[in-house]
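Hi,

Here is the structure I promised to pass on.

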Amino acid sequence: MKRRASMTLASDPTVVVIGCGISGIAAAHRLVKAGFNRVRILEATARSGGRIKTGRLGKSITELGASYIHGPSEENPVFCLARDYGLLDQAALAPENQAMDIDERPPWVANWFSSSGQKLSSKLMRPALDMFNELVDDTWLFKNKKESPWVSTGHFLRSEVRRRAAERWNNKSKSTRNLLLCAVSARLKEECCVSATHTMDDIDLLGFCMYRSLSGLDCTFPDGFEGLIKSLMKEFNADMVTYNRPVRCVHWNNTQDRVNTVTVECDDGERIAADHVIVTVPLGYLKKQHSTLFCPPLPTHKLQSIQKLGFGTCNKIFIEFESPWWDADCDIIYLVWNDEADILDQVSDISKSWIRKMSALTVLKPSERYSHVLCGWIAGHESEYMESLTEEEVQSAVTELIRTFTGNPAITPKRILRSQWFHDPWTCGSYSHPAIGCSAQDLENMMEPLPTKGSQAQPLQVLFAGEATHPCYYSTVHGALLTGWREADRLIAHYSYNKSLSPSR
């Protein structure tokens, strides 16, 4: 690996990175390039990548974890790395693609189907789509506000849909108005997937506005997202990462002893002395394991923020067919239940009706490469319940769903592949969201190193990275990567500063 020789560290600190996802890899990559020679990554599983996980369904490439580069433009480090490694196609690299301002809403061609077995006119359904998108845009009116008249994002969306529908759709027939409201329910369920939440009622409206989009039309990796991980890992020495090495406890202290400041205790009994530890575990894991993962315990304000931030589940069900039953130019399929005019984003009986939560299916393209494959998106407790079923039970439910909405009893999926992030013991879900009561201060608390400011102890003993620690790019791969760089830069600056204070010899 090429290492920058311009920086000679005043000391030779040992840095342990917990987790070999994109944030841990980014942190280690940055440190090694800056001249840190004693960097070690501990990974609990047998693979690198974390929530970036590429799979296959037949000959089709599937992304069980992260799917898109959100906002592929110069401001997005994931895009820049993918471009530099030659991992993207020409369409994604086009300047006009990078300049598009879509606010993470691709200009997709939609097919609509109803639970009565009918294909619906896109023109007929357009008012529902436009109104919902308008309302999501209107949430930005609350950006930087201190208070909101709405209990949650879901409360705002539902209330405003009803009010605006009464004003704008009163010239339509009752059946059309009801159908449009049912279509809004389909979009609301899809929005749950975007935020990895059970219901939009769990999303803080002011917190919802903290997220920042980047310009550029979302794109994918033609040969899989894991190609980025593999490219980065090639730059590491072979012995830098230790796999199948879960960490039991991080022992940090509040003394001024500069020797063995932090001790990382592994599940197998190994104890690793370090000067600094960068913790990059998912927030879901942190929520469950923080009480045993740190000794002494985390400060109260940090614990409170860990609890206040949300972390939910969004899974995918990939479905392969012998032939397409959707239009050739279709990008996304919406499934509209005719009895959901009350604008619902959760089901009343999960064990019987969990499949209703899957309201949107995206088409994997190009079809020549991917055969005929759809990706169904499902979030929340319904998604978690789906994970507990056998693959045969899931395929049966999906088959019945497709037959109901197409009205074709002969359609039979060839095979399926699903993700199961909630029951993964090292993630415990998919990604973070601003739950009710969450504020920008909570995200600041998440990224704060230990010991906290004002302590007389050795600084920067424990640092925190990962998508849930980014103030505006939470839930994204580029947010996770940037936080890894951020914590590496914190250490680089610390040693550069200390070096400048060292007496010359």
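Starting with the surface: the protein exposes about 21400 Å², and carbon and sulfur atoms supply 51% of that area. Keep in mind that this is a predicted model.

On the overall build, I get 17 helices and 20 strands. The C-alpha trace spans about 85 × 50 × 45 Å along its principal axes.

As for the inside, 57% of the 505 residues count as buried. Among contacts with a separation of 6 or more, 77% are between residues 24 or more positions apart.

Now the cores. The largest nonpolar core has 47 residues, and the ones touching the most other members are Ile 22, Leu 31, Phe 36, Val 39, Phe 221, Leu 228 and Ile 278. Elements that each supply at least two residues of this core include β1 (14-18), α1 (22-33) and β2 (38-42), along with α2 (77-84), α9 (226-233) and α17 (477-501). The top contributor is α17, which gives 8 residues. There is also a second, separate core of 46 residues, with Trp 169, Ala 196, Phe 318 and Trp 377 among them. In soluble globular proteins, nonpolar side chains do tend to be buried together.

Last, the charges: the protein has 56 positive and 59 negative ones, and their mean positions are 2 Å apart.

Cheers

How values were computed
Residues are numbered from 1 along each chain as its sequence is written. This is a predicted model: local features need pLDDT of at least 70, side-chain atom pairs count only at pLDDT 80 or more; totals for chains, interfaces and linings use all residues. Side-chain values use heavy atoms; hydrogens and water are left out. Helices (H or I, at least four residues) and strands (E, at least two) are DSSP runs, numbered from the N terminus. Buried means under 20% relative accessible area, exposed over 50%, partly exposed in between (1.4 Å probe, protein chains only). Contact means heavy atoms within 4.5 Å. Accessible areas come from the Shrake-Rupley method with a 1.4 Å probe; for residues, only the protein chains shown count as cover. Lys and Arg count as positive and Asp and Glu as negative; His and the chain ends are not counted. The place of a charge is taken as NZ of Lys, CZ of Arg, CG of Asp or CD of Glu. A nonpolar core is a set of buried Ala, Val, Leu, Ile, Met, Phe, Trp, Tyr and Cys residues joined through side-chain atoms within 4.5 Å.
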